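Please look over the chain shown below before reading on. The report takes up the confidence of the model and then the surroundings of two residues.

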Amino acid sequence: ARRKSVRALAFVTALLFAFYLLVGCLFYSVWESDWPLRESLIFSLYTVTTVGYGNHSVPNSSVGRIFTMIYILVGISLITVVVSEACQYLVIEAARAQASLDKSEIARERKKTLGT
């Protein structure tokens, strides 16, 4: 049950992150008139992931800059949750795989013990 709930939550947070990128992409492509959709998406992704190569233009308007400050704060928090949920799911899957491996080793040892 826990595995399913963690998987569902990881999926929901990933969808939320994709929606968040879409909102940023649409805002920048509409508000910053000289930014094409592709440039807006790359800026949104670089900003939220804090990569910031420095080779992109920055918002020129006051509204764009204020939006970017809020977008960064919320986005970094959101990506932290996405990574956390993904890691939690991977840990659960690793523990599940290890338990399955341990069960098969125990069964093999029992068979070996009973067979000789």
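## Confidence of the model

The pLDDT is the predictor's confidence in each residue, on a scale from 0 to 100. The structure is a predicted model, and the mean pLDDT of its chain is 86, with 97% of the residues reaching 70 or more. Among the elements of the chain, the highest mean pLDDT, 89, belongs to helix α1 (residues 2-31), whereas the lowest, 87, belongs to helix α3 (residues 62-115). Where pLDDT is low, the predicted coordinates should not be read in detail.

## Tyr-20 in helix α1

Tyr-20 lies in helix α1, and Ala-10, ten residues away from Tyr-20 in sequence, is 15 Å from Tyr-20 in space when the distance is taken from C-alpha to C-alpha. Tyr-20 counts as buried because its relative accessible area is 15%, which is under the cut-off of 20%.

When residues up to four places away in sequence are left aside, Tyr-20 touches Val-48, Ile-70, Tyr-71, Val-74, Gly-75 and Leu-78. With Tyr-71 there is also a polar approach, in which a polar atom of the Tyr-20 side chain lies 2.6 Å from the backbone oxygen of Tyr-71.

## Thr-47 in helix α2

Thr-47 is placed in helix α2, which spans residues 37-48. Its relative accessibility is 13%, and therefore Thr-47 counts as buried. Again leaving aside residues up to four places away in sequence, Thr-47 is in contact with Thr-68 and Ile-72.

Key:
Residues numbered from 1 in each chain as written. Predicted model: local features only at pLDDT ≥ 70, side-chain atom pairs only at ≥ 80, totals over all residues. Heavy atoms only, no water. Helix = DSSP H or I, 4+ residues; strand = E, 2+ residues; numbered from the N terminus. Buried < 20%, exposed > 50% of the residue type's maximum accessible area, 1.4 Å probe, protein only. Contact = heavy atoms within 4.5 Å. Polar contact = N/O pair within 3.5 Å; in protein donor to acceptor, adjacent residues only side chain to side chain.
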